[in-house]
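The sequence and structure are shown first.

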Amino acid sequence: MLRGLTKEESLKWLDSWGQAIENDAVYGFGLSKMLYFRAPIFKIYDASFSLKGVFDNNPALWGQKIMGFNILSPEAIKNLPLDSKLVVLTSDYNNVREQLQAFGLKEKENFIKVSVFWSLWTYYKHAQRLTMWSMGLHITDRCSLACDYCAALIPKLTLKEGDRPLELLQEDMDLLFSMVNFVSVLYISGGEALMHKELPQFLDYLHDRHFHKCAAVCINTNGTMIPGKGILDRCAAYGVEIRISDYSEAGIPGYGRTFERLKKNLDDYGIVVSIADAPWYDFYLSDESRAALRESGPKGLMRHFAACPVQAAIFSDGFFYSCDKSYFIRKAGLIKNDMSIDALDFRALKPENQDDRLLTLMSILNYYASPALQACRFCAGCQGTSLYPPARAPRARQPRKA
Ligand code: SF4
Ligand code: SF4
């Protein structure tokens, strides 16, 4: 969210939102399912979450009090002072952005997404508590597929680690949660996460020590594997969700049958399943695209970063990356030095140190030492920029033997 701002601009921005939050001077926009679904996470520290009012496009709701929020007509936005702050609560952020801009409000300055607001709210309202909307964990390089445009660059890795050792995964989780107080959704991913040989033991460890710091824990799979009983039992017992990326259109032999069997197995165990329908952020490393980005210079790089909609943090080997592409690009050997711009070393931080907590908040919100990540110059396919072509659908090769 602080993408493309200098450090001074970022601090000024944080201060303006911090003051509005401390003074309970923030409005909401959109009384949606999202609010019903997400509102409980605002109550993790206490029940004090409140907004000055919630604007909604549905006239039938105006004047009512719902879930403790006064519902207002968007027309009233015209009368708000110029420095007003709003949090967009619906998942339909792009349309609401246009509507708010038509009222003369500015993104970042006047309104932000709920995912960003949540981290700010817990920090400023609750003694610098650090919270994240989502966090990824990469547990294995192994995969049953080899997609041409793999966002994790798995087919391009020259040095494969295979499964990340259980002890390292445990250390990472301990370190992450020594600093971060709460994560809304923790995503366990690969490669193909279900291939990790010690996944059941890792789920036990997470459950015993850290599940209470997550609203949900979710395993990502490509739909080609039927997990063993050890994994299924734990997912059912601990309430771990499974998110399947649907590759039915990729022409993988036998995929449809396995996909249906997987869904049935998960249903039989009562495991919550979701089918990933998020847009595919194309990630390819064509020489032409990189050359175009280089030619655009630092300003072009900043535009690329500032317009990039990807928000996918990842934690690995003690480092927090606000963009997981940074982590995978390093793994593929394309960036070799100076981690400090793209990643924050949690081993160097002290949880009780206020400056370290502020630095972590800025990292969560996507600000680092420069207004663009080093990885952005290798990441040529993000949607939302005018420089690069629209994202393409993923393709998959023949499944490999595990
Ligand atoms: S399924 Fe495809 S995109 Fe996903 S990790 Fe494996 S190779 Fe990459
Ligand atoms: S590396 Fe790519 S995905 Fe990550 S912030 Fe930069 S442009 Fe966006």
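Helix H4, residues 114-125, comprises twelve residues and spans 15 Å from its first C-alpha to its last, close to the 16 Å expected at 1.5 Å a residue. The model is a predicted one. H4 is mostly covered, with ten of its twelve residues buried. Just after H4, Ala-127 adopts a positive phi of about 45°.

The protein chain as a whole contains twelve helices and 14 strands. Of its 402 residues, 40% count as buried. Among contacts in the protein chain with a separation of 6 or more, 77% are between residues 24 or more positions apart.

Two ligand shells can be described by residue class.

| Shell | Nonpolar | Polar | Charged |
|---|---|---|---|
| Ligand 1 | nine residues | three residues | one residue |
| Ligand 2 | nine residues | two residues | one residue |

Ligand 1 is surrounded by 13 residues, of which Cys-143, Leu-145, Cys-147, Cys-150 and Asn-222 are the closest.

Around ligand 2 there are twelve residues, and Cys-308, Val-310, Cys-323, Cys-376 and Cys-379 come nearest. Helix H10 (297-307) and helix H11 (324-331) are the elements that give two or more residues to this shell around ligand 2.

Notes. Residues numbered from 1 in each chain as written. Chains lettered and ligands numbered in written order. Predicted model: local features only at pLDDT ≥ 70, side-chain atom pairs only at ≥ 80, totals over all residues. Near = placed C-beta within 6 Å. Helix = DSSP H or I, 4+ residues; strand = E, 2+ residues; numbered from the N terminus. Nonpolar A, V, L, I, M, F, W, Y, C, P; charged D, E, K, R; others polar. Expected span 1.5 Å × (residues − 1). Buried ≥ 20, exposed ≤ 12 C-beta atoms within 10 Å, placed from the backbone. Contact = placed C-beta atoms within 7 Å.
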